Amino acid sequence: MPRFAPAATNSPMVEALLPWFAGAARDLPWRPNSEASVTPWAVLVSEIMLQQTPVNRVLPVFREWIARWPTPGGLAAATPGDAVRAWGRLGYPRRAIRLHAAAAAITSRHNGDVPSDYALLRALPGVGDYTAAAVASFAFRQRHAVLDTNVRRVLSRAVSGTATHGRGSVSAAERRIALEFLPEDAERAATVSVALMELGALVCQARAPSCATCPLAASCAWRRADYPVSELPARPAQTYVGTDRQARGAILAVLRSRTDAVQRRELRLGWADVAQFNRALDGLALDRLIEPVDGDLFQLPS
DNA sequence: TAAACGTGGCG
DNA sequence: TCGCCAAGTTT
């Protein structure tokens with residue numbers, strides 16, 4: 001097989017996707033077409049921040065973060081608490097702890113350079129299959145199946161003709177379809193991956209796909225099948241108010257606003273459910289998101 | 001494998 | 001108003 005031949009089956013889709021991406025791609029600061037030089041470290045930081053988090057909320061935190069810690073060594077030299085504070089209200093703050101731990105691992109194990117190898121990336125704290133594939137693809141231009149929620153949805157619709165992808169882990173079938181979709185050439189495959197993500201984010205959206213402007217509409221299996229609806233039951237309600245998660249968030253918000261340690265009693269102010277407060281506090285300490293000092297004082301980790 | 005894990009914008 | 005959803009990972 002010629003090395004540069006795209007997979008024959010999906011070639012028309014790739015041929016339509018790439019020109020669309022060239023014209024529609026957003027100029028995001030972690031992309032190579034942005035003005036600043038984009039390091040593998042910046043790509044890694046962006047991917048961690050973008051986990052379950054909209055682009056618009058990531059942008060300001062990312063800029064601040066990269067300006068302050070332009071290298072893994074810089075972040076590794078800071079405290080975990082500095083990372084949690086700089087994370088602000090991005091959500092899932094243990095990502096900040098894990099990113100800090102990843103920076104330390106990169107510094108000690110990889111001489112301060114973000115590794116390009118998928119397995120080495122995957123071994124870093126907070127880096128799962130998606131993030132390892134994304135960094136290897138986008139920063140190092142390798143050929144990997146980059147299966148985030150956007151790509152899964154786009155391929156599920158366009159190739160398989162089904163309304164939704166599975167909610168759980170990526171299936172072997174999904175991975176095979178994704179790999180078959182990618183051109184053999186690694187550089188081109190990396191661009192296809194980011195283009196699929198962009199298409200899912202801007203056009204083939206979860207709730208309101210804009211098929212009228214979709215470059216894949218002509219060959220889309222879902223459209224051809226007249227948009228069959230999802231067979232999956234609705235996902236369980238995502239409650240937040242009144243949960244332990246909210247309690248953890250509130251405690252952390254107080255500690256982020258302080259430079260010194262805070263009394264347990266003060267953190268508990270306004271919290272009617274003492275058992276829940278205690279669960280939240282203990283959980284945060286267990287996750288190393290906060291640190292007990294002298295028994296009844298708590299602070300961000302030093 | 002399912003559940004836990006933040007936060008906020010949007011229809 | 002409120003449920004859905006957003007570039008997942010870990011245990």
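## Two domains side by side

In this predicted model, 25 Å separate the centres of domain 1 and domain 2, taken over C-alpha atoms. The contact between them (heavy atoms within 4.5 Å) takes eight residues from domain 1 and eleven residues from domain 2. Where do the two domains lie in chain A? Domain 1 covers 39-138 and domain 2 covers 244-299, with bounds that come from an automatic or database domain assignment.

A word on reading the model: residues are numbered from 1 along each chain as its sequence is written, and chains are lettered from A in the order in which they are written. Local features need pLDDT of at least 70, side-chain atom pairs count only at pLDDT 80 or more, totals for chains, interfaces and linings use all residues, and side-chain values use heavy atoms, with hydrogens and water left out.

## What the domains share

About 750 Å² is buried between domain 1 and domain 2, and carbon and sulfur atoms give 53% of it. Buried area here is the accessible area (1.4 Å probe) that two parts lose on being put together, summed over both. On the side of domain 1, Val 84, Arg 85 and Arg 94 lose the most area to domain 2, together 52% of what that side buries.

Arg 94 also takes part in a salt bridge with Asp 287, side chain to side chain, at 3.0 Å from N to O. The rule for a salt bridge asks for a side-chain nitrogen of Lys or Arg within 4 Å of a carboxyl oxygen of Asp or Glu, and it finds one across this interface. Helix H5 (80-87) and helix H6 (94-109) are the elements that give two or more residues to the side of domain 1 that touches domain 2; helices are DSSP runs (H or I, at least four residues), numbered from the N terminus.

## Meeting the DNA

Some atoms come up to base nitrogens of DNA strand B. An N or O atom in the side chain of Arg 245 is 3.1 Å from one, while a backbone N or O atom of Leu 90 lies 3.2 Å from a base nitrogen.

Note on methods
A polar contact is a pair of N or O atoms within 3.5 Å; within protein, one must be able to donate a hydrogen and the other to accept it, and residues adjacent in sequence count only if both atoms are side-chain atoms.
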